[in-house]
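Subject: Structure handover and what turned up in it

Hi there,

Here is the structure we talked about passing over to you. Have a look at it first, and then read on for my notes.

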Amino acid sequence: SSGINAEWPLRPGDELQSPHDYFNTALSLNHKLDMDKLLRSAGIVPDPREFYTFDQLDKAMKKKATYWCRTVAEKDGSSRQLVDQISVCMDKKLAWIDCSVQSIMCNTREPFYLLPFTKENNDEL
């Protein structure tokens, strides 16, 4: 057998026994998580014109996510911070757990902005 199924790491007790299981579970978790709803609960609506604080983001994510940031250069020579990835921390049973690291390459004292996650939010821009 060749392809991804042949390379898939099977471990005893691993509930994700195939690539199909993995992607199906990822889609299910994405739907269950509802990132837009979590962010709105803290007053965050992803929009490149709005800035937010990491206190707001921590409130929404309850310290159970790691944020990846990058600096974006503007046409006028200034720059601003973009949170371009939010990784939710889970245990092997797919339950949320506290993350050991809250941010990577982020200046948590500076505001940030987020781009919309879903098509519905993109239509508003």
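pLDDT is the predictor's confidence in each residue, on a scale from 0 to 100. The chain averages a pLDDT of 80, and 80% of the residues score at least 70. This is a predicted model, so local features need pLDDT of at least 70 and side-chain atom pairs count only at pLDDT 80 or more, while totals for chains, interfaces and linings use all residues. Residues are numbered from 1 along each chain as its sequence is written, and side-chain values use heavy atoms, with hydrogens and water left out.

One stretch to treat separately is residues 121-125, where pLDDT stays under 50. The model has nine contacts beyond four places in sequence for those residues, a contact being heavy atoms within 4.5 Å.

**Overall layout**

The chain has five helices and three strands, in the order α-α-α-α-β-β-β-α along the sequence. These are DSSP runs numbered from the N terminus: helices are H or I with at least four residues, and strands are E with at least two. Of the contacts with a separation of 6 or more, 57% are between residues 24 or more positions apart. Of the 125 residues, 30% count as buried; buried means under 20% relative accessible area, exposed means over 50%, and partly exposed is in between (1.4 Å probe, protein chains only).

**The sheet**

The three strands form an open sheet in the order S2-S1-S3, with mixed pairing. S2 and S3 stand at the edges with a single partner strand each, so one side of each has no neighbour in the sheet. Strands pair if DSSP finds at least two bridges between them. S1 and S2 pair in the antiparallel sense over nine bridges, with Ala73 opposite Ser79 in S2. Their hairpin has five residues between the strands, and Gly77 there takes a positive phi near 95°. S1 and S3 run parallel and are joined by two bridges.

Trp68 is partly exposed, with a relative accessible area of 33%. Leaving out residues up to four places away in sequence, Trp68 touches Leu82, Val83, Asp84, Gln85, Ser87, Ile104 and Cys106. The side chains of Trp68 and Ser87 are joined by a polar contact of 3.4 Å (a pair of N or O atoms within 3.5 Å; within protein, one must be able to donate a hydrogen and the other to accept it, and residues adjacent in sequence count only if both atoms are side-chain atoms).

**The disulfides**

How many disulfides does the structure hold? There are two, a disulfide being a pair of cysteine sulfur atoms within 2.5 Å. With bonded cysteines counted along the chain, they follow the pattern 1-4, 2-3.

- Cys69 is joined to Cys106, S to S 1.9 Å. The pair links distant parts of the chain, 37 residues apart: Cys69 in strand S1 (residues 65-73) and Cys106 in the loop between strand S3 (103-104) and helix H5 (119-123). The torsion about the S-S bond of Cys69 and Cys106 is about 90°, so this disulfide is right-handed. Cys69 and Cys106 are buried.
- Cys89 and Cys99 have their sulfur atoms 1.8 Å apart. The torsion about the S-S bond of Cys89 and Cys99 is about 115°, so this disulfide is right-handed. Cys89 and Cys99 are both buried.

**A loop residue**

Asp91 sits in the loop between S2 and S3 and counts as partly exposed at 32% relative accessibility. A polar atom of the Asp91 side chain lies 2.9 Å from the backbone nitrogen of Lys93. The backbone nitrogen of Ala95 also lies 2.9 Å from a polar atom of that Asp91 side chain.

**The core**

The largest nonpolar core has 18 residues, of which Phe54, Leu57, Met61, Tyr67, Val83 and Ile86 touch the most other members. A nonpolar core is a set of buried Ala, Val, Leu, Ile, Met, Phe, Trp, Tyr and Cys residues joined through side-chain atoms within 4.5 Å. Helix H3 (35-40), helix H4 (54-61), S1 and S2 each give two or more residues to this core, and H4 gives the most, with four. Beyond its neighbours within four places in sequence, Tyr67 has contacts that include Phe54, Leu57, Met61, Val83, Ile86 and Cys106.

Best wishes
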